[in-house]
Amino acid sequence: MRHYRNGRAASVVAGAYAGLVLLLGVASAVIPLTVQDPILLSGVALMLVTFPLGPIVWWGWDLVPPQMANPVLLIAILTGAGLLQAYLIRRLMRGPARPRPPGLRNGSGRP
């Protein structure tokens, strides 16, 4: 297993971001399924939290044919975009790998 300079901090930040995205995604998906006339402020919040991919998906949603334009599908795509960004945040924040101690071939602790 490789260790990275900022591995733990990157995991905490990416995990918190992914948790926020999932919380907003679930709340945004439950509201249109349970309320007759929903006001999707949580959907707008989800779009803003998933910046820069969120607004691109939101504006590109106008290209979807009306018979396929389901708001729950839009929320699922926005949530997926946010989770992709959480993964990229972790990859970018973790930094370079720490060098292995001399004498270790595969990092298992055995020479």
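Which residues does Leu 83 touch, not counting residues up to four places away in sequence? Here are some notes on this predicted model, starting with that one.

1. **Leu 83.** The residues it touches, once those up to four places away in sequence are set aside, are Ala 18, Val 21 and Leu 22. Leu 83 itself belongs to helix α4. Its relative accessible area is 33%, so it is classed as partly exposed.

2. **Thr 79.** Helix α4 also holds Thr 79. This residue counts as buried because its relative accessibility is 11%, and the cut-off for buried is under 20%. Neighbours within four places in sequence aside, Thr 79 is in contact with Val 21, Leu 22, Gly 25 and Leu 46. Val 21 and Leu 22 are also among the residues that Leu 83 touches.

3. **Gln 85.** Is this residue buried or exposed? Gln 85 has a relative accessible area of 8% and is therefore buried. It lies in helix α4, which spans residues 71–93. A polar atom of the Gln 85 side chain is 3.1 Å from the backbone nitrogen of Leu 53. If you leave out neighbours within four places in sequence, the contacts of Gln 85 are Tyr 17, Val 49, Thr 50, Phe 51, Pro 52 and Leu 53.

4. **The Phe 51–Pro 52 bond.** Two of the residues in contact with Gln 85 are Phe 51 and Pro 52, and they deserve a look of their own. The peptide bond that joins them is cis, with omega at about 10°. For context, most peptide bonds are trans. Pro 52 is placed in the loop between α2 (41–49) and α3 (53–60).

5. **Leu 92.** Further along helix α4 you will find Leu 92. With a relative accessible area of 73%, Leu 92 is exposed, since exposed means over 50%. The C-alpha atoms of Leu 92 and Ala 10 are separated by 8.2 Å, although the two residues are 82 positions apart along the chain.

6. **Arg 94 and Tyr 4.** Here is a charge-over-ring arrangement to look at: the charged end of Arg 94 sits over the ring of Tyr 4, at 3.9 Å from the ring centre. As for rings with rings, the search of the whole structure gives 0 aromatic pairs.

7. **The fold as a whole.** How many helices and strands does the chain have? There are 4 helices and 0 strands, and the order from the N terminus is α-α-α-α. Among contacts with a separation of 6 or more, 65% are between residues 24 or more positions apart.

8. **Overall dimensions.** The radius of gyration of the chain is 19 Å, whereas a compact globule of 111 residues would have one near 13 Å. Along the principal axes, the C-alpha atoms fill a box of roughly 65 × 25 × 20 Å.

9. **Surface and interior.** Of the 111 residues, 25% count as buried; Thr 79 and Gln 85 are buried examples from the points above. The chain exposes about 7800 Å², and 68% of this area is supplied by carbon and sulfur atoms.

Notes:
Residues are numbered from 1 along each chain as its sequence is written. This is a predicted model: local features need pLDDT of at least 70, side-chain atom pairs count only at pLDDT 80 or more; totals for chains, interfaces and linings use all residues. Side-chain values use heavy atoms; hydrogens and water are left out. Helices (H or I, at least four residues) and strands (E, at least two) are DSSP runs, numbered from the N terminus. Buried means under 20% relative accessible area, exposed over 50%, partly exposed in between (1.4 Å probe, protein chains only). A polar contact is a pair of N or O atoms within 3.5 Å; within protein, one must be able to donate a hydrogen and the other to accept it, and residues adjacent in sequence count only if both atoms are side-chain atoms. Contact means heavy atoms within 4.5 Å. The radius of gyration is taken over C-alpha atoms; the globule rule is 2.2 Å times the number of residues to the power 0.38. Accessible areas come from the Shrake-Rupley method with a 1.4 Å probe; for residues, only the protein chains shown count as cover. Rings of Phe, Tyr and Trp (its six-membered ring) pair if their centres lie within 6.5 Å; planes under 30 degrees apart count as stacked, over 60 as edge-to-face and the rest as tilted. A charge sits over a ring if NZ of Lys or CZ of Arg is within 6 Å of the ring centre and within 35 degrees of the ring normal.
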